[in-house]
Amino acid sequence: MKLILTCEHGGNEIPEQFVDLFSKAEEVLNSHRGYDLGALDLFEYFQKLSDFSIASTTSRLLIELNRSIGKPDLFSEFTQSLSNLEKEDIIKNFYLPYRNVVENRIAELIGRGESLLHLSIHTFTPIFNGEVRNADLGLLFDPSIYIEKKICEHLKTELIATSPNLRVKFNYPYLGTADGFTTHLRTKFPDNYIGIEIEVNQIYSSKNKIDPCIAKSIFNAIQNVLK
């Protein structure tokens, strides 16, 4: 099984031509709304396991790479008021290049008869809308797809074996069937594609680095699943 690794929310960079739109947004850009704190660190830690990997460091507030075109939250409040032409330009230059390179690589590998495990690396804020999230790690998948369910069960077993106190939940804090890149890819590649999002609680992130014990536990679990 080949491993594809992606990170859609690795940074909070804003391209120079759009900086003026975010002139008063420094605080939100540096928050969980601007990017997934620590996700890029995790992605880089896992890279040696992958056969193909790609990360974006452009802020999700410019355009949300983990949403489908046409969805209301594709553009944030900072870019929602742009003209259709300006939005199309952002899609053409920042959204499609990222999504297409992943899709093309998947198509190439499947075309060669390979089976693929795609892990999309994310982190989540520990408190959302005043509610404390009671998990350390979430595994997001489609429960109707047997192989995705079995791989997530295997990952959880491996994680608990090395970190018994780790709170691992399935399809938390989001549903694995909600709109997202993996959901789109499951539809486009119904055979030989397995898409799972790994979500790590940002309580384990400090200065954009993830607690090395957590990172190592996940690394080992992925490695054992791939054997």
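Analyst: Both faces of strand β3 are covered: L116, H118, S120, H122 and F124 on one side, and L117, L119, I121 and T123 on the other, are all buried. The model is predicted; local features need pLDDT of at least 70 and side-chain atom pairs count only at pLDDT 80 or more, whereas totals for chains, interfaces and linings use all residues. Residues are numbered from 1 along each chain as its sequence is written, and side-chain values use heavy atoms, with hydrogens and water left out.

User: What makes β3 a strand that is mostly covered?

Analyst: Buried means under 20% relative accessible area, exposed over 50%, and partly exposed in between (1.4 Å probe, protein chains only). Nine of the nine residues of β3, 116-124, are buried. A strand is a DSSP run of E with at least two residues, a helix one of H or I with at least four, both numbered from the N terminus. As for the two faces, side chains in a regular strand alternate between the two faces of the sheet.

User: How do you know that β3 pairs with β1 and with β8?

Analyst: Two strands pair if DSSP finds at least two bridges between them. Five bridges join β1 (residues 2-7) to β3, and the two run parallel; β3 and β8 (residues 193-201) are linked in the parallel sense over nine bridges.

User: Why are β2 and β7 called edge strands?

Analyst: The open sheet has six strands in the order β2-β1-β3-β8-β6-β7, with mixed pairing. β2 (52-55) and β7 (168-170) each pair on one side only.

User: Which residues does I218 contact, leaving aside its neighbours within four places in sequence?

Analyst: Contact means heavy atoms within 4.5 Å. I218 is in contact with L42, F46, L137, L159, I198 and V200.

User: What makes the set that includes I218 a nonpolar core?

Analyst: A nonpolar core is a set of buried Ala, Val, Leu, Ile, Met, Phe, Trp, Tyr and Cys residues joined through side-chain atoms within 4.5 Å. The largest such core has 32 residues, of which L42, F46, L119, I196, I198, I218 and I222 touch the most other members. Its largest share, seven residues, comes from α6. Apart from it lies another core, of 30 residues, among them L74, F78, I91 and F181.
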